[in-house]
Amino acid sequence: MNNPPDVSPDPAEHEEYAHNVAKHVKGYLIVGAILLAGTALTVALSYVDFGNSKTNIAVAMLVAAIKVSFVGAIFMHLAAEKRLIYRVLIFTGVFVCALFWLTYLAWYNPIVRH
Amino acid sequence: MDSSTSLETHHDTHHRAAAHEEHKLGWWRTYIFSTDHKMIGIQYGLCGLIFLFFGFSLMMLMRWQLAFPGQALPVIGNALGHLFGPGSMPDGKMTPEFYNSLGAMHGTIMIFLGIVPVAFAAFGNFVVPLQIGAPDMTFPKINAASFWAFGVGGVIMLTSFFVPGGAAKGGWTSYAPLSVVADTGPTFHPFWNGQTLWLFGFVFLITSSLLGAINFITTIIQLRAKGLTWMRLPFFVWTQFVTAFLLVLAFPPLEAAIIMQIMDRVAATSFFMPTGMIVNGAPLHISGGGSPLLWQHLFWFLGHPEVYVLILPAMGITAEILANNSRKPLWGYKSLVFSVLVLGFLSFIVWAHHMWLTGMGSTVSAFFQTTTLLISIPSVIILSAFFISLWGGSIRFNVPMLFATAFLPMFGIGGLTGIPLAFNSADLYLHDTYYVIAHFHYIVAPGTIFALFAGIYYWFPKATGRMMNEFWGKVHFWPSLICMNVIFLPMFLQGMLGMHRRWYDGGQGWNVAGETVWGQTGFQWNTWISSAAWIMGLAQIPFIINFFWSIRHGKKAKENPWDATTLEWTAPSPPPHGNFLSAPVAYRGPYEYSLPGRDVDFTMQSEPIQPTEHVRRTEPEPEPVHA
Amino acid sequence: MEIPYTVNTRPDTGLWNAKVGIWLFLASEVMLFGGLFSAYIFLRLDAEPGMWPHGLLNVPVGTMNTAILIASSVTVVLAWASLKMRRFWAYWWYMLITILCGITFLTVKLVYEWPQKFDHFGAFIKQEALEKYEPYLGNHHLEEKGLAPRREITGHLHNKAALSDPNIKEYDIALDPVNADPTNPANDRPHFLYQPSTDKIAKIEKEDVEYASMFEPRHSAYFASYFTITGLHGLHVLGGVIVFTYFWLPIGSKLYKRNPEHLANRVEVVGLFWHFVDLVWIFVFPLFYLL
């Protein structure tokens, strides 16, 4: 979903433009509804016993990840953003993963376990 | 970013001759609450230099205790005892607590209030917009906010010396759990104590760095002059760009850790406090369940990139000055740029080599050992390229060049002595000894600080319109160089003899073994080191006088006193508000020295390419811009 | 010279300055919350079995707050779209709703959720005394089912003076349903279901208690990370509300008259920040309330 273009001084084009933005507005409302449904789903799933808590966590994080990608892609316009911003975010993503992964690894592989 | 499009498509109406647009601002707005990047750079520079000297003074005090443990400091000892309050230096003799405060604050002040502000904020603010031909930073108010956050952080850090119990004592690394239980108890105020203030001061310093770094990156991306493509950027701009990224991405995890340590101290949480802690013979009334290792991970996640924050701008400054004074293009510009990018990237995944002794398993150790050795490759490429740049040049040994050339071997020593520390097994012995102190000081003190001096001498005429005195510059340089080495070389020996970096008595108690190197025991070397440190303090006096005297009385400087090529030298000295009289355009690479078939041995970036010219270009594409 | 590209885009990057700036800022925010969440993971993995509490936070209220934040994310993007369509009053109303949502979120947090926690009490029993309090803990029952043991007895503390007065030797607790009926299979996997403390009073001797505290940050690694992360998140919400209010006040309409695109850009930038705050909450909510 692209961003609305800039408003035009030409009244005819402005008409079409407003129509375009209106389409976007509809999209925003749909995403809002999806997010609310996602929230309800997360809550509901947390009361389901998947056997062990790890699975529960994984399922909840999956739903959260889907919700987050909607927020990012539509509300934050990442679905159609400039290359520069993608690059910044890719770097950030890599380093955040390093932070999580290595912290986990350091916990997982100590010399002595208490 | 497609670099080639920037040439044709800049039709921004704001690019206009603008000298007449300058508003007359009052004194306060011009010199104190300025939003002009040059003034903010100068403010950062002056404050940073003062902090550098202050941090150095703390160390000069410690050196007395190390050389003459337990003896009263003559002349100023009593006065200092009164200044810093009871418990600091009663009768001029330093207490262990005060010694710890001095050590912790020396590290903190030198790194976060001295070198980062000068190397990154001061030079970055002053030079980068000029070098990329921008009128200012993209967000001038945020820039000012960054400086004032730094100011608040600095004031908090200084205040902490005068609260009951004195400043933080946990080392610059502030390792939990000791840092969480330090400065607590009946004699300490729950908030106004050294360690808590240290943490709050840090929050401001981190905020300052973040705001500054975001500003730098945005400026470099958005405000490059017409024609100044990425591969035409001066190397200094590249180093600042990477440094800013390191700050943006590495500082926040430390901020998170600082917030957690504040919670541990103020709200009695247990983020970094393991279960079953016993302090002074009594169990602590805390929940436990935290991990001291977590602090170390988060701290060094910043801590290691921070090392490159300290060194990269210094490399950038050195590159500019080497090219300028060897009258040759910088050798291997592209490999330098890619090395610095790789360096920035790798610096994020080496942090646990500071933690070999914490009991990480062999898998993790092996991983970090590998990345640590990998990171030496781009460092070596950079240093080699610098050396090769000198080859065959007609070198001018002016003061900036002396400092810049001294940077090379000093950084080399610091870097090479780091390799044994990268190996887990060797580090088990050397960890926390004076060897480590010597290693990183070689990089930061005779390395970075020399590059900073070089930069100050080099860009001083641009900032003030006057030159600094060459003779007194040399009087500053030679004693500094000698003293630096007399200070830090013996520390390698001390470290290999096993001297621990945090000993309060300079190793006197340990000296009974009597092992000697060159007729001196590890302890006796302290006298040499301390004397050299004090002489080096004296050696800074010519610099200080030269600096302030030259502002008003130095030889007048032209626009381009060094016959340099980059864009900042096309602006008047000092540049007016808005920097350039007309919007600069770059037509060529940054280091076009000694082009064949020219009357002069330098060709500025703003000089259009002549149709007849044999072009030595950094990029092959034809030039679409003709002014 | 003026600073270029404050409103117009730079051709080669396609961006105006503040947009680059805000994304860099958000990158740093990702690392900030990344640091906190990695601490959360580290501590949770490190926790001994049964020492990471479950079901202590009020799920319906948390769900409501989540919905409020999502709604405000929708309204802020609508406010921005209205500016793009040059409908100032629509912008003004959407912005007002956004601000009110933010304030409601904070109010619920600060006036209801946090004080309710501060009023709750928990005592961790020493290993050797676990057997003595078996009627409240039901560990035999849990062991049979292969579940992690219970170490903590929670509820409403009747004699608050016991927290500070060393002469009082025991805590009088009106037990939570879990401890009142520990062998009920419904309590095996603790989930939040709103039930008030029972009127069953338990007396717990202090010498059997390893550690006791109200549900404050100091209570456990769980509450420490909960209060720190939600506290920091709350500060972000507050910051967003302040900036929104700034643009909602006449300052916004003045800027709109001068250069509507500039106001739209500014709202977009704050909006991005606001969406990020929402995005953090999307992780906070399941991690602390549900799992």
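In chain B, 18 residues of domain 1 are in contact with 20 residues of domain 2. Two residues are in contact if their C-beta atoms, placed from the backbone, lie within 7 Å. The model is predicted: local features need pLDDT of at least 70, side-chain atom pairs count only at pLDDT 80 or more, and totals for chains, interfaces and linings use all residues. Residues are numbered from 1 along each chain as its sequence is written, while chains are lettered from A and ligands numbered from 1 in the order in which they are written.

Domain 1 of chain B spans 34-270 and domain 2 of chain B spans 563-627. These bounds come from an automatic or database domain assignment. Taken over C-alpha atoms, the centres of the two domains are separated by 38 Å. On the side of domain 1 of chain B that touches domain 2 of chain B, helix 5 (residues 96-131) of chain B gives the most, with 4 residues. Helices (H or I, at least four residues) and strands (E, at least two) are DSSP runs, numbered from the N terminus. By class, this side of domain 1 of chain B has 10 nonpolar, 4 polar and 4 charged residues. Here Ala, Val, Leu, Ile, Met, Phe, Trp, Tyr, Cys and Pro count as nonpolar, Asp, Glu, Lys and Arg as charged, and the others, Gly among them, as polar.

Chain B also holds helix 12 (residues 362-390), with 29 residues. From its first C-alpha to its last, helix 12 of chain B reaches 43 Å, close to the 42 Å expected at 1.5 Å a residue. The expected span is 1.5 Å times one less than the number of residues. Several residues of helix 12 of chain B are buried, among them Val364(B), Phe368(B), Thr372(B), Ile375(B), Ser379(B), Ile382(B) and Phe386(B). A residue is buried if 20 or more other C-beta atoms lie within 10 Å of its own, exposed if 12 or fewer, and partly exposed in between; C-beta atoms are placed from the backbone. An α-helix has 3.6 residues a turn, so residues three or four places apart point the same way. The buried residues of helix 12 of chain B pack against helix 3 (83-108) of chain A. Their partners in chain B include helix 10 (292-326), helix 11 (333-346) and helix 13 (399-416). Just after helix 12 of chain B, Gly392(B) takes a positive phi of about 75 degrees.

Chain A has 3 helices and 0 strands. Along the sequence its pattern is α-α-α. Of the 114 residues in chain A, 26% are buried. Among contacts in chain A with a separation of 6 or more, 42% join residues 24 or more positions apart.

Chain A meets chain C through 40 residues, in contact with 41 residues of chain C. At least two residues of this side of chain A come from each of helix 1 (11-46), helix 2 (53-75) and helix 3 of chain A. Helix 1 of chain A supplies the largest share, 13 residues. The side of chain A that touches chain C divides into 28 nonpolar, 9 polar and 3 charged residues.

Chain C also touches chain B: 38 residues of chain C are in contact with 49 residues of chain B. Two or more residues of this side of chain C come from helix 1 (17-46), strand 5 (209-214) and helix 7 (221-248) of chain C. Helix 1 of chain C gives the most, with 16 residues. By class, the side of chain C that touches chain B has 22 nonpolar, 11 polar and 5 charged residues.

Chain C is divided into domain 1 (29-43 + 55-118 + 220-290) and domain 2 (121-214). Their C-alpha centres lie 36 Å apart.

In chain C, 5 strands form an open sheet in the order 4-3-2-1-5, with antiparallel pairing. Two strands pair if DSSP finds at least two bridges between them. Strand 4 (201-205) and strand 5 of chain C are the edge strands, and each pairs on one side only. Strand 1 (residues 121-125) and strand 2 of chain C pair over 4 bridges. Gly122(C) has Thr154(C) as its bridge partner in strand 2 of chain C. Strand 2 (residues 152-157) of chain C is mostly covered, with 5 of its 6 residues buried. Strand 2 and strand 3 (residues 170-175) of chain C pair over 3 bridges. Leu157(C) has Ile173(C) as its bridge partner in strand 3 of chain C. Strand 3 of chain C is joined to strand 4 of chain C by 5 bridges. There, Ile173(C) stands opposite Ala202(C) in strand 4 of chain C.
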